[in-house]
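Good morning, colleagues. Please look at the model on the screen while I take you through its architecture.

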Amino acid sequence: MKCRKCGRKAVINMRQHKLALCAQDFLTWFVKQTERTIHRDALFEQGSNVLVAVSGGKDSLALWHVLQQLGYPCNGLYIGLGIDDGSAYSDRSRACAQQFADQHGMNLKVVDVAASHGATIPEAAQVTRRGAGKPCSVCGLTRRYLMNRAALEGGYDVLVTGHNLDDEAATLMGNTMNWLVGYLESQAPLLPEKPGFVRKAKPFHRFYERETAAYALLRGIDYIQEECPYSADAKSIYYKKVLNQIETDRPGAKQAFYLSFLQARDQIQFTGSGERGPLPDARCSTCGQPTRGGRQCAFCSTWQNVRARNKPLEPGR
Ligand code: SF4
Ligand SMILES: [Zn+2]
Ligand SMILES: [Zn+2]
């Protein structure tokens, strides 16, 4: 197959765009498409101060690389979750993020959950009722909170994540299968800023996962290839598989499913129960963040609980 632009050998065929490209033209196309998405979806403006949530995986490192090429002032943020499971997953993903930052002269801020909050994510999951021993619930809550706080404290205009279209379509399928209206309301490539919450954006939300992988590979980015060990039984992996099966039969179906949802959501009357809804008046008594229920926000009450249960017994007790 030949490159549509120059006629040389194509390295990727994007059937949903009816577009095959060689390595050089794909890299140029990918950066331009990212810029187009940022403008078309009004994610942020030229000159915005950007904080990139970096996991050490292909999507977030590719995103950081592209934003730097586009001239945005951007730093990276890595959250150390303390996930080991015999594979030193967190240590290795952090090493990939740090190596990338060093190679490109970029600034990576690291927040280590165990050092700052007294327990790793798997330890926290063992002692809270959240997720009944499975770490994903406490992990998601903790990452969202710490990323938001780091962006606010650092004075950033926007926090960006490397979610691609496969991630978004799988989330959409999960939200739709279970009719999680609040989550459907919050599922958007842009969540505007509001008091206590930084603006959040997903500049890669129109790319298929194989496109972000191709960018990382062709750029020689060294990223952690395996997924988090706890993701193996995640429903999102199952939904991705199902969507890829549909995509094989009907090229473009995955893209149509997600992009049609974005169009349809503008016509849907949501009740404001999701993250995009009105802010609650109540403030967390510990951190001051707006919170929907109780005296403390979910993050503060969860971690207070973790610290209380994780406290070593005093001698003689
Ligand atoms: S799969 Fe994702 S949410 Fe679950 S523990 Fe791993 S990084 Fe956290
Ligand atoms: Zn070409
Ligand atoms: Zn709080």
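Predicted model: local features only at pLDDT ≥ 70, side-chain atom pairs only at ≥ 80, totals over all residues.

Five of the seven residues of strand E4 are buried, so E4 is largely enclosed by the rest of the structure.

Where does E4 sit in its sheet? The sheet is an open one of six strands, in the order E5-E4-E3-E6-E8-E7, and its pairing is mixed. Its edges are formed by strand E5, residues 108-112, and strand E7, residues 190-191, each of which pairs on one side only.

Let us turn to the pairing between E3 and E4. These two strands run in the parallel sense, with four bridges between them, and E4 covers residues 74-80. Within this pair, Val52 stands opposite Gly76, and Ala53 faces Leu77. Strand E3 itself spans residues 50-53; Val50 and Val52 point one way from it, Leu51 and Ala53 point the other way, and all are buried.

Further along the sheet, strand E6, residues 158-160, pairs with strand E8, residues 199-201, again in the parallel sense, here over three bridges. In that pair, Val158 stands opposite Arg199 of E8.

I now come to the nonpolar core. Which residues have the most contacts inside the largest nonpolar core? They are Val50 and Val52, in a core of 68 residues. The element that gives the most to this core is helix H2, residues 58-69, with six residues. For Val52, leaving aside residues up to four places away in sequence, the residues touched are Ser60, Leu63, Trp64, Leu67, Cys74, Gly76, Leu77 and Val160.

Thr37 lies in helix H1, residues 23-40. Is Thr37 buried or partly exposed? It counts as partly exposed, because it has 18 C-beta neighbours inside 10 Å, and 20 or more would be required for a buried residue. Beyond residues up to four places away in sequence, Thr37 touches Pro203 and Arg206. Thr37 and Arg206 are 169 residues apart in sequence, yet their C-alpha atoms are 7.6 Å apart in space. Across the protein, among contacts between residues at least 6 apart in sequence, 65% join residues at least 24 apart.

The ligand site is my next topic. Ligand 1 is surrounded by Pro135, Cys136, Cys139, Gly140, Cys228, Tyr230, Ser231 and Ala234. Of the residues in this shell, six are nonpolar, two are polar and none is charged.

Finally, the protein as a whole. It contains 12 helices and eight strands. Its radius of gyration is 20 Å, close to the 20 Å that the globule rule gives for 317 residues, so the protein is as compact as a globular protein of that length. Along the principal axes, the C-alpha atoms fill a box of roughly 75 × 45 × 40 Å. Of the 317 residues, 35% count as buried.

Thank you for your attention.

Note on methods: Residues numbered from 1 in each chain as written. Chains lettered and ligands numbered in written order. Near = placed C-beta within 6 Å. Nonpolar A, V, L, I, M, F, W, Y, C, P; charged D, E, K, R; others polar. Core = buried A, V, L, I, M, F, W, Y, C linked by C-beta atoms within 7 Å. Buried ≥ 20, exposed ≤ 12 C-beta atoms within 10 Å, placed from the backbone. Contact = placed C-beta atoms within 7 Å. Rg over C-alpha atoms; globule rule 2.2 N^0.38 Å. Pairing = 2+ DSSP bridges.
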